[in-house]
Amino acid sequence: MLAFAFRRTLQSFPTIAAVALVVFVLFSVIPGSIATSMEDGRGPVDAAVAERMRKELGLDDPVYVRFANYATKLAMLDLGVSFRTREPVSQLLAKRMWPTLQLTLAAMVFAILIGVPLGFVAAMRPGSLIDAVSMVTAVSGLSIPKFWFGLLLMYLFALKLGWFPTFGYGGWWYLVLPAVTLGVSPLALLARTTRAAVLEVVNADFVRTARSKGMSETRVVRWHVMRNVAVIVLTTLGLQFGSLMGQAVVVEKLFSWPGIGSLLVDSVFQRDIPAVQGCILVIVLFFLIVNTLIDIACAVIDPRIKYA
Amino acid sequence: MTLLAVEDLRIDLTGAESRHVAVDQVSFSIARGETFGLVGESGCGKSITALAIMGLLQRPLAVGGGSIRFDGRAIQDLGQDELQRLRGKRLAMIFQEPMTALNPLLPVGRQIAEMFVLHEGAGWREAERRAIDVLARVRVPAPELRARDFPHQLSGGMRQRVMIAIALACSPDLLIADEPTTALDVTVQSEIVDLMRELCAANRTAILMISHDLGLVASMCRSVGVMYAGRLVEMRSSADIFKAPAHPYTRGLVASLPRLGSRAAAGQRRLQEISGVVPSIADFSAACRFNPRCDRATEVCRTDDPVITALPGGGFVRCHHHG
Amino acid sequence: MKLGANLSIGGSLFLLAVAVGILAPWIAHTDPVMDANLMMAEEPPGREFWFGTDAQGRDIYSRVVHGARISLTVGIFAQLINTIIGTALGLSAGYWGGWWDDFVTGLTNLLLAIPSLIFALAIMAILGPGLTSLLIALGLTNWSFTCRLARASALSLKSQSYVQASKVLGYSDVRIMFTQILPNMLGPLIVIGTLGMGGTILAEAALSFLGLGIRPPYPSWGSMLSEARDQITTAPWLSVFPGMAIFLTVLGLNLLGDGLRDILDPQSRSRRI
C-alpha cells in the first residue's frame, strides 16, 4: 500500500511541471500580456510601472533564460515577490491558505453529509416520490449559479432573518453561508452519482449472493453495498474537486472571504503577475493533492486498483 | 421423505402494461439427500425457478401461482425474517459466475465467515477461524493464506470452491447449483462436480442441479426434469432418459451429446443439432411450444397444447406424439 | 413517462430562452444600455417596469431580455468550439493511436488538472474582458470530456467489421472517420455538448460576475448580478431576475441533456450522473 501511495504521488510530478510550464507560457511568452492589456478604465499603465515590471519579470531576457530562472526559483518554492505588497508571494499565499482550506473542506463535508444519503434514499425506492423530489433537487442544484444562490442565502438568512453574518471572515458562524453556497453543486452531483452507483451495485450478482446467504436488507447494504458505492462516489468527488476550486473563487469574492480565490481575482485586477501565477499553481497543487489522496483512499477500499 | 415440493408453479413477468407467464405448470419434488436435475436452454425458466425456490425473485418477476413447499412449509407464505433464517442455513445456492457472485472488495475468508455470524451467532474472530476450516474442507490449498485473498487473486476453480464453501458452510438441507461449472475450464469442471457430490453425500444434503448440459446432470442426478420454454416437457430417471428419451426435444438433447463408443461404432460421426430458436415469452401460444422446431409436428401440435402423459416406469412427458 | 418530461420541460425552457434572445429587440421595452433615467432609479417591480429598475433607472426586464443574447451566444458558440476541438482530437487520437494518441491523452490530462474556471479566468486576465475573449477562454478550456468520449468511442469503433471493411475498400482515413465513425458517436456527443453548454453559460455568468467577462453597462446576466450585490439591501429585486434567467436556461439545458441521453445514449442510462 505504501508503495502504491509513493508511486501515485510520483505520478503527479510531471503534471505539476507541465502546469508550471503552461502558466509560464500564458503570462510570460504571449506578447502584450497582463502587464499592458488590463485597461479596466484606470488608464494605461504608466511608463515607470511598466519599466519596473519589465525589470522584475526579466522581460528583456531571452525566453529560455527566463524559463530557466522561473523553473529554478519554482523548484526552491520561490514564487517571486508581489508587485503590490512587495511581500514574497509564498508568504502572501500562506496567509490565504487556511481560509480556502476551511471553506472547501466545509463545503465538501456539507455536500457529502446531505448528498450521499439523498442519493441512497432515492436509489432505495426508484420511481417513488422521494426519488423524484431528490433528483429534481439535484438537477436544480447543478443548474443554479452559485453566486446567485449565495446572494439569495445572504438576503434571506443574513439580511432578513439575521441568523448569520452577511459576509466577511471570522468565527465559524461566518463559514456557514459560503460553505453551503459552495457545497450545493457537489451535493447535487453526489446525490446523482450515489443514486446511480447504488442502483448499479444493488443489481450486482454478489448482492444476490449476499441475499441468498440469508442476510437482512440492512446488512446487505451495510456489508456489501456501502463499500462498493464508496469507491464510485470517491472517484466522482475527486473529479468534482477541480470545479469546486473554480467556484470557490466566485464564492470567496461574493462573501469577501480572504482566501486564495479572492487573492487571485484581486491580483488579476492589480496586474500582480507573480501573485496570479502563484495562486494558480497553488490551486492546481491543492487539486492534485486531493486527487492523489482520493486515489490512495480508493486503493485502500478496492484492492483491485493497486494492480491495475 | 419429501424435502422440497414444487407444485404447479407459475412465475409471472409483469411489465408496465403487459403480463407474461415466464414459467408455468412446473411440478417436481426432491426427497432428503436426493439429487434432481433441471435441464434446458438458456431462457427456458430453470434459473428463475431456482430463484423462486430461494424466495429471491425480484421485480418484474414474481410467483404467480402454485406452491413451493420446503420441509412442509410454503416458501411464499413465510415472512422476510423466517425466509432469511432459512436461506443460507437450510437452503443454499451456488451461482454460475463465481467472479461476479463474490464481492470483489472483501477477502473471501470474510465472505465465508459471514455465514457463521448470520446463522450461528459467532463473533467475527471465531467465524473467520471457522471459514479457514471450511476452505480446507473444499480442498483449497493453504487455506489460512487464501482466506485473506480477494476474489480477483484466485483462479476460476478456486473461486467456485469458495462459493461451495459459502453454500455448504452451515450444512444446508438443500443445495441449489445453478450452472456451477459452466464458467470453468473443462479440466476443473469434474473436480468441482465431484467435490459437490462428495460433500453433499456426507451431509445428506439434497441437490437441485441446474444446467444446460444433459450429460453432466444425468451423471450427477438420480432423476432429471427437462424444461422447454417455461414448462417441464419430460421428467424421468437419468437412466431412462438416456435409454429412451420420450419427448422430441429430449431426444434432440441426447442426440446432441458427444459420446464415445456406441454411436461412433454405428458409423454416425456428426453430432445432431436442434435447429431453430426458443420462442420468446411474448410469443407463447396455445399450441405446443416446441412445434416450430419439431420434426414430428402435425396439425394437432399447432393448435392444441399437449397435456402430461405418465410413462411406464415413472415420470411423464408432455407431447402429442411421444414414444 | 419521466423520460418525456425531462425532454419536453428542458426543451421548452431552452427554446424559450432562444426565442427571447432572438426577439430581444422587439420584446424589450427600452434600450438596455442607453435608456437610463435617474428619476426612475430603483423602482420595485410593477406595471410599468415588470422587473423593476436599477440604480441608473434602467428597465431590468429589458436588460434581462437582452442578456439572453449574450449568454446564449457565448454558451452556444464556445461549446461548439469545445465540441469541435474535443471531437477532432479525440477521434483522430483514438483512430490513429501511436504518438499522436499519447500526445492528445497527455494534453487532456493536463487540461483536467487545471480547474477549467481558473484556466478561463487566467485567459480572460490576459486577453481582457469582452465577447471574443470569452469565446476563446471558454471555448479552449472545456473540451477534455468530449475528447475522452470521442477517443474511447473511436477506439472501440475502429475494430468494428464495417470500419475494417471500408479500410479494405481503400477509403481514406479522413473519409472513414467522417462517414463511418463520427455518425456512430453523435448521440453521446450531443448529450455531452448539451450538458456542457449549461456549464459554459454558468462559467460566462461567473466570469462576468467577477468583472472579467462582459463589462457593464452591457447587460450580461452575470454582470447584472455583480451590480445587484451592492444593492441587495435596498433593491433585492435586482438580484432575483437575472439569476432566475440563468437558472432556468441552465436547468433547461441540463434537463434536455438528461432527456436526450435516455434516447440517444441508452446504454449509460443506469449510470446516469
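Reader: In which order do the strands of the open sheet in chain B lie?

Author: In general, strands of a sheet pair through backbone hydrogen bonds, either parallel or antiparallel. Here the 4 strands of chain B follow the order 2-1-4-5 with antiparallel pairing, where strands are DSSP runs of E with at least two residues, helices are runs of H or I with at least four, both numbered from the N terminus, and two strands pair if DSSP finds at least two bridges between them. The model is predicted, so local features need pLDDT of at least 70 and side-chain atom pairs pLDDT 80 or more, while totals for chains, interfaces and linings use all residues. Residues are numbered from 1 along each chain as its sequence is written, and chains are lettered from A and ligands numbered from 1 in the order in which they are written.

Reader: Which strands stand at the edges?

Author: Strand 2 (19-31) and strand 5 (73-74) of chain B do, and because each has a single partner strand, one side of each is left without a neighbour in the sheet. Strand 1 (residues 2-14) and strand 4 (residues 61-70) of chain B pair over 8 bridges in the antiparallel sense, and Glu7(B) has Ser67(B) in strand 4 as its bridge partner.

Reader: How many residues of chain A are in contact with chain B?

Author: Two residues are in contact if their C-beta atoms, placed from the backbone, lie within 7 Å. By that rule, 19 residues of chain A meet 24 residues of chain B, and helix 9 of chain A gives the largest share of chain A's side, 6 residues. Between chains C and A, the contact takes 38 residues from chain C and 44 residues from chain A.
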